[in-house]
Amino acid sequence: MLLAVAAAPLAVACTTEPPTPPPPDPLSALAAQARADAALAKTLTTVPGAAEIATARETHAKLLQAEVDRERPPLSSTAPPAPTTPPTPPDPLAALKTALDESVRDASAIVATLPSYRAGLVGSVAAGCASLREVLV
Amino acid sequence: MSVDSVQTALGTEHAALWTYGMVSAFLGNQAAAVAEGANAHRARRDTTERWLRDKGATPNPPAAAYLPPAPVSDGPSALAALVAVEQDTCAAWRGVLERTDESALRTSALDALTAAAVRATRWRKAAGTNPASITMPGVASG
């Protein structure tokens with residue numbers, strides 16, 4: 001009996017799956033989205049305000065990536081891959097508006113779920129995207 | 001902790017409401033946008049006072065008057081006062097976001113931060129400020 005009790009935890013330990021990797025950091029997706037918006041805005045040289053949007057979204061990407069790397073330092077020092085230059089969409093202004101609307105929505109959607117020290121950062125990014133959206137009105 | 005930050009946010013809502021009333025004489029050509037901003041701050045003030053009472057706190061009353069960062073004497077200085085008070089509002093609501101884990105309060109603070117950032121951008125556009133947008137609303141350097 002004693003033996004059985006002692007062996008039970010051991011059996012559990014032996015059959016436990018190797019630890020699954022932690023889920024991806026939600027801020028990582030927001031940083032990638034910011035890099036993609038900046039890349040899109042850079043191609044739209046004909047749209048007034050696009051340069052302002054590119055600069056602001058690059059700042060967002062930098063701040064978000066810095067927080068991702070602070071919490072989970074990257075194993076290598078390789079920078080995240082730069083997004084490939086997207087093809088110019090048929091309606092550049094509409095494409096940029098849609099991208100910013102999605103960025104407001106995606107950042108806003110996770111604010112309530114984040115630890116408080118991250119909620120301010122992501123809240124400002126969401127509000128910053130809403131502010132950028134006004135530039136294109 | 002979140003009660004203190006909400007009291008601070010309520011203070012900026014009182015200041016914003018007072019400022020919208022004070023500038024209206026100088027912005028007759030923007031009367032609709034001024035009225036819209038004032039209504040939004042009035043509604044936010046009311047919900048904020050209600051939240052505080054629900055928590056057993058006494059909402060701080062408004063001051064008799066507020067001092068804009070620069071004297072207001074014409075259209076451009078009136079726009080500058082609106083931009084300043086909206087940016088103060090952004091900072092206060094971002095402060096709430098960082099001091100609460102309550103999901104409903106987070107959502108409400110984010111709404112207030114985003115709406116103030118949008119109004120600040122519109123006033124900056126009206127004033128011809130370049131860039132009109134605010135990269136990180138609620139951050140002092142933003």
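Two residues are in contact if their C-beta atoms, placed from the backbone, lie within 7 Å. With that in hand, here are the close-ups of this predicted model.

**Figure 1. Chain A, a chain of helices.** By that contact rule, residues 24 or more positions apart account for 74% of the contacts in chain A with a separation of 6 or more. The chain holds five helices and zero strands, and reading along the sequence gives the pattern α-α-α-α-α. Of the 137 residues in chain A, 34% are buried.

**Figure 2. How confident is the model?** The average pLDDT of chain A is 86, and 80% of its residues score at least 70. For chain B the average is 96, with 98% of the residues at 70 or above. A stretch to treat with care when you look at chain A is residues 1–12, where pLDDT stays under 50. For these residues the model has zero contacts beyond four places in sequence.

**Figure 3. Where chain A meets chain B.** The contact draws 20 residues from chain A and 28 residues from chain B. On the chain A side, the elements giving two or more residues are α3 (50–71), α4 (92–111) and α5 (116–135). Of these, α5(A) gives the most, with 14 residues. Sorted by class, the chain A side has ten nonpolar, eight polar and two charged residues.

**Figure 4. A closer look at α5(A).**

**Figure 5. The largest nonpolar core.** This core has 64 residues, and those with the most contacts inside it are Leu64(A), Val122(A), Ala126(A), Trp93(B) and Leu113(B). Two or more residues come from each of α2 (26–43), α3, α4 and α5 of chain A, and from each of α1 (2–23), α2 (31–54), α3 and α4 (103–127) of chain B. The element that gives the most is α3(B), with twelve residues.

**Figure 6. Helix α3(B) and Trp93(B).** At 1.5 Å a residue, the 23 residues of α3(B), residues 75–97, should span 33 Å; the end C-alpha atoms are 33 Å apart, which agrees. The helix is mostly covered, with 18 of its 23 residues buried. Leaving out residues up to four places away in sequence, Trp93(B) touches Ala9(B), Ala109(B), Ala112(B), Leu113(B), Ala116(B) and Gly138(B).

**Figure 7. Two spots outside the helices of chain B.** Ala25(B) is found in the loop between α1 and α2. Is Ala25(B) buried or exposed? Ala25(B) counts as exposed because it has 10 C-beta neighbours inside 10 Å, and the cut-off for exposed is 12 or fewer. From Ala25(B) to Asp74(B) the distance is 8.9 Å, C-alpha to C-alpha, although they are 49 residues apart in sequence. The other spot is Pro131(B), in the segment after α4. The peptide bond that leads from Asn130(B) to Pro131(B) is cis, with omega near 0 degrees.

Methods: Residues are numbered from 1 along each chain as its sequence is written. Chains are lettered from A and ligands numbered from 1 in the order in which they are written. This is a predicted model: local features need pLDDT of at least 70, side-chain atom pairs count only at pLDDT 80 or more; totals for chains, interfaces and linings use all residues. Helices (H or I, at least four residues) and strands (E, at least two) are DSSP runs, numbered from the N terminus. Ala, Val, Leu, Ile, Met, Phe, Trp, Tyr, Cys and Pro count as nonpolar, Asp, Glu, Lys and Arg as charged, and the others, Gly among them, as polar. The expected span of a helix is 1.5 Å times one less than its number of residues. A residue is buried if 20 or more other C-beta atoms lie within 10 Å of its own, exposed if 12 or fewer, and partly exposed in between; C-beta atoms are placed from the backbone. A nonpolar core is a set of buried Ala, Val, Leu, Ile, Met, Phe, Trp, Tyr and Cys residues joined through C-beta atoms within 7 Å. pLDDT is the predictor's confidence in each residue, from 0 to 100.
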